[in-house]
Structures are given as C-alpha cells and as structure tokens.
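Please work through the following exercises with the sequence and the model in view. Each task is followed by a solution in steps.

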Amino acid sequence: MSNNVYGIDLGTNNFKVYSKATGKTMLEKNTIAVVNKNQIYSYGNSAYAMYEKAPENILVKFPVVEGVIADYNLLQKMIFDFLEHRIKARIKNAEFIIAVPTDITPVEKRAFYEIFYKSKAKPKKVLLCEKPIADAVGLDIDVNEPTGVMIVDMGADTTETSVISLGGLVLSDLLHFGGNRLDESIISYIRKEYNLVIGQKTAKSLKETIGSALPGREDRMVVVGRDVLSGLPIEMEISSEAIYEAMKSNLESICTSIKMILEKTPPELAKDIIHSGIYITGGGSKLQGLGQLFEQITGIKVIPSEFPEESAVRGLVKIVSESKYKTLPFSIK
C-alpha cells in the first residue's frame, strides 16, 4: 500500500484526519459558516467560534448530525479544502479509509463512501470501516482474537455500545444522543431552576469544568446568561450538584443501553468481557466519574481511552498499515 493514504473519522463535533505520509493526526471542528445559502464563509475552528454569535446573514451549520451526513455538498467542499489547503495533501490517486457508525442504513453508509469516491480527487481506493472496530484497534486491542471485547463510544450526537469478537460485531446498539444532549439538558435545567438562559457553549463549559457523572462533586463556576424575568444579562454561580441533576436521566439511559447489551451477550463472550473490562472512548467519555458510574451499574472494571477523541482515527492508521487487519475494511460497489 502506498504512503498516499488518509484515515478519516467524520465525527459530529470534530472531524479527524490521519495522513500516512506525515504520520500526523489533525483534529478540526466539524462546523461550516455559510452565506448566500451555499457559499462557505468559513469552516472548522474559526466557524465554530462564530456559533451562537453570528449575524443573521451568516448561518453556522453542523454537516454531520446524529452520526450521519446532513449536508453532503458542504461537507465534501470543506473536507477537500481542508485536505488540499490546510494539510497540503496530494489528493489525486489517494486512498481513503473512512470510519462509519454501525447502526445506520446502507444508503447512509453509501453517502460516506461517495463523498470521497465521487469527488474531484479521483481516488485510487475508498474503503469503509465500522467505527467500533476502528476504535478497538485504536485502543490496542487485537480484534482478530476469538475474545469478546465491549466498547462504549460516546460522541457528541451518538453513543454506540458494541461487542466485538474475531474482527466482527457481535452486538451493537446506537443511541441517538451523546454529549450534545447533556448540554441541552443543562440549558433547560438552569432555565427552569434559576430563571437563567445560557447558550450551548456555556453549557458545554459547565459540563467539562464542574460536571460529574456521580453526585458529590463540590465545585462551582460563575456563568453569564440572560435573566428570564428582567431580560438583562447577569452573572450567576452554578454548583456541580446542579449539573449532575441536569444530566442524571440521560446518563441513566446510557447505563440502560449498556446493561441491555450485556444481557444479550452470549455467556462465553460475557466471561471475556468480565476479565478484560469495558472500554470507553469518544469525546463524551471525558466526563468526570463516567467510568466509575459504569463500574457501579455493571460490576465490571472500566478502561478509559488515553486519547478518547482520536481512538477511531488511530485505529484506521493501524488498519491501513498492518497486514493482519487488511480484512477489516470493506468497499461499496
């Protein structure tokens, strides 16, 4: 396989690109600012900086929603502009390997394939790989072994719980919510309890700074929002306990999904999972105490990823580089 290979994970909040030639992984916000309906004004981190701050004539969009492509043309323009101009990629005759969620329709999978295959790059080869398998390889798990492995990938819009053995998916459950739903629950809880309107970015910051998946954290943070009663901007101190209460029911839904998959897991694979533990990855898994929460409800040790946002793209790197994984990716004809 040549060096002109790119591993790409088109996440909801961030997209990640690995270049085999340079050995580097780039992470950029999966956000596009649009003017005149379809003209790209800005994209990536600079477009995300405009989110919730842009005037009416600039529309800030997320081209991937709930793990699937929501705006094909804009996403294709952004990805190839990023490859050509930001990382100076040689896209002609390149090979692309793309991570795709499991529980999406064949039509949605084809969109991931065609965004590269039907592009001006005229790629030599486009391969797809199931995201949980790419995650597992990125977590240094030998997926070809006849051993059961459980992975929970908590992204921005989706949470995928999978059991893998012998290079394939035995069970998988895709919940259509993740970190963004937690942010929304924080916004509505603070509005209801404190009569304070805050934005998505403030909610995300509260979750990341003082949030916890378990009760008992005692941190506080000052935020600025709009008072519902007076309509004026005010400062207010919010406690960790409030953030926990806001997220509690959504976290319970994720716990239920994990327990459901464990109940369906064949006994021999369940035995492997008890020995090897449950691996958690994805940007949402960085929430403090999440691993301990899963340990409490399952009684199984939880292993967090060292690079949660990059595990899938790191797996793609190994899949294209090591011959023992050559059977894992597939193509769509």
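**Exercise 1: a strand pair and its sheet**

Six bridges join strand β11 (residues 149-154) to strand β12 (residues 159-165), and the two run antiparallel. Strands are DSSP runs (E, at least two residues), helices likewise (H or I, at least four), numbered from the N terminus; two strands pair if DSSP finds at least two bridges between them. The model is predicted: local features need pLDDT of at least 70, side-chain atom pairs count only at pLDDT 80 or more, and totals for chains, interfaces and linings use all residues. Residues are numbered from 1 along each chain as its sequence is written, and side-chain values use heavy atoms, with hydrogens and water left out.

Task: state which residue in β12 is the bridge partner of M154, then place the strands in their sheet.

Solution.
1. M154 has T159 in β12 as its bridge partner.
2. The open sheet has five strands in the order β13-β12-β11-β17-β18, with mixed pairing.
3. β13 (168-175) and β18 (302-304) are at the edges with a single partner strand each, so one side of each lacks a neighbour in the sheet.

**Exercise 2: two helices**

Task: describe how helix α6 (residues 200-210) and helix α7 (residues 240-264) cross, and which residues meet.

Solution.
1. The axes of α6 and α7 come within 10 Å and cross at roughly 110°; axes are lines fitted to C-alpha atoms, for helices over the stretch in contact, and angles run from 0 to 180 degrees between N-to-C directions.
2. α6 is therefore roughly perpendicular to α7 (65 to 115 degrees).
3. L206, K207 and I210 of α6 meet S240, I243 and M247 of α7, contact meaning heavy atoms within 4.5 Å.

Definitions and conventions
Parallel < 35°, antiparallel > 145°, perpendicular 65-115°, else oblique.
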